[in-house]
Amino acid sequence: MVLFGQTVICGILLGGMYALIAIGMTLIMGVMNIINLAHGSLVMVGMYVAYVCFTQFGIDPYLGMFAAMAVLFVIGCLLQRYMINRLVEVDSILPENQVLLTVGIMLVLTEIARLIFKSDYRSVTTSYSSQTMYFGDMSISVPMLTGFFIAMLFTFLLHLFLTRTDIGKSIRAVAQDRDAAIYMGINSSKITMITFGIGSALAAAGGSLLLPLFYLWPDIGHFFTAKAFIITILGGMGSTMGAGIGGLVLGIAESLGATYISMGYKDIVGLVIFLLVLLFLPGGFRSLAKR
Amino acid sequence: MKKTNNIIGVIVFVAALLLPVIIQAPYQMHILILVLIWAVMGTAWNLLGGYAGQVSFGHAAFFGVGAYAAGLLEFHLGISPWWGMILGPVLAALVSLPIGLICFRLRGPYFALAMLALGEIFRLLFTNMESFTNGAKGILIMPAITDKVFYYYSGLLMLLVTVLVTTLIVRSKIGYYLVSIREDQDAATSLGIPTTLYKNLAILSSAFFTGLAGAFYMNYVAFIDPHIVFNLTSISVMLIMVVMLGGVATTWGPTVGAALYIYLGEVFRTTLGSANVLVFGILVCLIIMFLPNGIVGEIGMLKQVVTRKKTSVKEGI
């Protein structure tokens, strides 16, 4: 029973942080209707910003997170404005062009990181890195718990932002119906740009929260891209709350898979759930809520 | 127009036949063989992704199954991996049937993601089934033939067969069905085209030739492991890049794309050192932004613009 509780708690904590990354992806997907395969590498860039803040200036990753978010917001806006947006009007045989462009961006970001930081595995050691708390017989790592709560706080703030502010409402309007939003006087291209920026900033936040837990190297982006799009599909494309729940489900499923099947098969568990949801619940968990 | 194309075709073919006589450096031959392997894979992907419009992010699964079929023959049974050139493509085609059954329930980006997930599942399975596949240690064989000229000509033959069969499919009624599915699947269904059947046919032949390329790769390179042949970025995604680079839904686009990809990769590697993938990535971005239908695809459009014919870019045949 202790083992089971330990597994589930670990899954929930990790899933909460994955969810933050996936929410960034789902925002972009909702507004732009593209699968952003560069998302993981944006996470990676955010982690490196936080890493540099820590090693060069001694700033704690949880504070460096804000620097990473600011940097990634700007990068995201620029990427959307000058690269991805250009493809919206281009006429081509396959509509998947934008997806491929994000793959190209992923390559470029990964290789720039490799050029600057080499392929070495890096990690951040803070005073709380290896601290654990005990909850009955179950041990919980402190950085995981802190990361989880900050991620939940961000999700809540984002929810308020999307439902209460003008920009947030505009984002939702563009996601629902771009043409109608334009008729209502919303500057949809500006909103799209800001959305991409916010999505990237959330990716950076998620990355910085995971920095004390993960090794950091340029190719770690692929790992996060895979996690983020699985969660996005689980939750339903464009749904923030769905992504939150999807993150928790994926975290728990992988954690259970790792404990009870085997460490090597834990990623397969996530992918199989992903396929099943695609086939039998194509709207994700969001469609369950609507019923 | 057609005549000049034929003449160019004959010249290129003769040049390809004579190349090993002119070039004898093993390094150059190695590059040429890699180009041929990628050209076969690109042509195969193009049938499903370019003509039928079903963009697959998981072709590494078929490539890997083909390669492992050849490798495991030698590893478990001690049979020459050249038999894998028959077994590999057949197995890949068999594997594609359930995959098609699952994934063709989905469309557009959902199909792409499902294929991506399946490709990854294959990589993880082959990494974890250690007793059967030797896991992450991979399979190393001792090739019976080391003469690169032999590999070059068999690769060339393989590419010719692939291009011939794909062209036959595309020029036949099936090809028109596939294009109609790409352009508007609902309209195709309403015209009475059994879309699922033809999409399955497309993935079947696509998987067959990708598996063939995989088996050939095993024979030529003589070492595989799951992270090489099932790799998402360096096989599945690069394959799409190669086709996009050369020209989607064109006969020779994938071959042109493969040649560019391999040669540019080598040139960048020798001149730019560790920045080679970076420059390649920038190039990919530029090409997608400015030549969205690839090099061969845009040449056709430019020609039509020059001769002031009415253009219909989306035709693709």
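Two residues are taken to be in contact if their C-beta atoms, placed from the backbone, lie within 7 Å. By this criterion, in the predicted model described here, residues 24 or more positions apart account for 76% of the contacts in chain B that have a separation of 6 or more.

The secondary structure of chain B consists of 15 helices and 2 strands. Chain B has a radius of gyration of 19 Å, close to the 20 Å that the globule rule gives for 317 residues, so it is as compact as a globular protein of that length. Along the principal axes, its C-alpha atoms fill a box of roughly 60 × 50 × 35 Å. Among the 317 residues of chain B, 48% count as buried.

Between the two chains, 35 residues of chain A are in contact with 39 residues of chain B. On the chain A side, the elements that contribute two or more residues are α4 (97–117), α9 (220–235) and α11 (266–280). The most is given by α4(A), with 11 residues. By class, this side of chain A comprises 25 nonpolar, 5 polar and 5 charged residues.

Within chain A, helix α1 (residues 2–32) and helix α10 (residues 240–260) have axes that come within 6 Å and cross at roughly 140°. An angle over 145 degrees would count as roughly antiparallel, and one of 65 to 115 as roughly perpendicular; α1(A) and α10(A) are therefore oblique to each other. Their crossing is right-handed. The contact of α1(A) with α10(A) involves 14 nonpolar, 12 polar and 1 charged residues.

Methods: Residues are numbered from 1 along each chain as its sequence is written. Chains are lettered from A and ligands numbered from 1 in the order in which they are written. This is a predicted model: local features need pLDDT of at least 70, side-chain atom pairs count only at pLDDT 80 or more; totals for chains, interfaces and linings use all residues. Helices (H or I, at least four residues) and strands (E, at least two) are DSSP runs, numbered from the N terminus. Ala, Val, Leu, Ile, Met, Phe, Trp, Tyr, Cys and Pro count as nonpolar, Asp, Glu, Lys and Arg as charged, and the others, Gly among them, as polar. The radius of gyration is taken over C-alpha atoms; the globule rule is 2.2 Å times the number of residues to the power 0.38. A residue is buried if 20 or more other C-beta atoms lie within 10 Å of its own, exposed if 12 or fewer, and partly exposed in between; C-beta atoms are placed from the backbone. Axes are lines fitted to C-alpha atoms, for helices over the stretch in contact, and angles run from 0 to 180 degrees between N-to-C directions. Angles under 35 degrees count as roughly parallel, over 145 as roughly antiparallel, 65 to 115 as roughly perpendicular and the rest as oblique. A crossing is left-handed if the near helix is turned anticlockwise from the far one by less than a right angle, and right-handed if clockwise.
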